[in-house]
Amino acid sequence: MAHGIPKGPQVAMNSKSRRGIEEPEFIRKVLIGIAVGFVGVFLLLPLANVFAQAFAKGWSAYIQSLQQPDTRSAVLLTLLVSAICVPLNLVFGVIAAWAVAKFQFRGKALLITLIDLPFSVSPVVSGLIYVVMFGAQGYLGPWLDSKDIQIIFAVPGIVLATLFVTFPFVARELIPLMEAQGSDAEQAALTLGATGWQTFRYVTLPSVKWGLLYGVILCNARAMGEFGAVSVVSGHISGVTETLPLRIEKLHQEYQSVGAFSAASLLAILALITLGLKTWLERRQAAEQALGQSDSLSSHEH
């Protein structure tokens, strides 16, 4: 009886606290309705309108718009820039995350701040920085001109601008993940005789693979859709320095609505593919974590 007396009030208090946390049915329906309505009006409706406008004059007009030489050149340039920037950001992100999460050194806080810099600086400003550095009237412009090297209004300038705005994504996905995991596994591997490369390949990399893939997907999406910084350094030369976002803007300004929305549909498709990959990775990560927890519970029970 002595043990049974406090159970009644405790259960009552717990049930009251649970009822206090739960929202009334009406409030929950209103909040869900507002969220669904916001997503529908501001996300799904514009996305549907892009495809409706792209196919407004039929499938043949859509294909013909995408087959324009300047549009094809813009698509190829966008893919080229992404193919250059994503691997470079992958290498930088892994190195930066490894340094920040695994070591203590002077200037660590400064490095983290610099990694976050593109998030706080307007892309247009970053493009102007490169113009000031490498433009014809910039600090290095005369020297580059004497060596017949062109960076601004050329592909190298577009790559540099895209690198600037995309390099935080991989690092920012890996840093908190590596910090949460600690360095016990790496130290154990080194103690057992593994080399640094073996430790990274067989211990660190498998433990952060989902975060790494997630950061690469976000980096690729930003690289393909970047407009502001690329617009400043590209010069908008049709067929030469126009990426897909710049091509969409030009077609829209020339009142070629079908061509503009057809090109925009390509970016929308890339965004949907990115979203699908992101959702798949999150589910795989959650399933792997759930499997690991179940294995851990079963081992404790045995």
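## Pockets and aromatic pairs

Helix α7 gives the largest share of the lining of the largest pocket, 3 residues. Helices here are DSSP runs of H or I with at least four residues, numbered from the N terminus. This is a predicted model, in which local features need pLDDT of at least 70, side-chain atom pairs count only at pLDDT 80 or more, and totals for chains, interfaces and linings use all residues. Residues are numbered from 1 along each chain as its sequence is written, and side-chain values use heavy atoms, with hydrogens and water left out.

**The pockets.** A pocket is an open set of points on a 1 Å grid over the protein atoms alone, where a 1.4 Å probe fits, with protein on both sides within 12 Å along at least five of seven lines; lining residues have an atom within 4 Å of a point. Volume is the space filled by probe spheres set on the points.

| Pocket | Volume | Lining by class |
|---|---|---|
| Largest | about 240 Å³ | 8 nonpolar, 3 polar, 2 charged residues |

Ala, Val, Leu, Ile, Met, Phe, Trp, Tyr, Cys and Pro count as nonpolar; Asp, Glu, Lys and Arg are charged; the others, Gly among them, are polar.

The largest pocket has a volume of about 240 Å³. Of its 13 lining residues, Phe134, Gly135, Ala136, Gln150 and Ile152 are the closest to its centre. Two or more lining residues come from each of α6 (123-134) and α7 (141-146).

The second largest pocket is lined by residues including Trp98, Lys102, Glu186 and Thr199. Here α4, α10 (184-191) and α11 (196-207) each give two or more residues. The largest share, 3 residues, comes from α10.

**The aromatic pairs.** The whole structure holds 12 aromatic pairs. Rings of Phe, Tyr and Trp (its six-membered ring) pair if their centres lie within 6.5 Å; planes under 30 degrees apart are stacked, over 60 edge-to-face, and the rest tilted. Phe55 and Trp59 are stacked, 5.6 Å centre to centre with 10° between the planes. Phe55 is partly exposed at 32% relative accessible area, while Trp59 is exposed at 57%. The cut-offs are under 20% for buried, over 50% for exposed, and partly exposed in between (1.4 Å probe, protein chains only).

Phe92 and Phe167 pair edge-to-face, at 5.2 Å centre to centre and 85° between the planes. This pair links distant parts of the chain, 75 residues apart: Phe92 sits in α4 (69-102), Phe167 in the loop between α8 (155-166) and α9 (168-181). Phe92 is partly exposed, at 31%; Phe167 is buried, at 17%.
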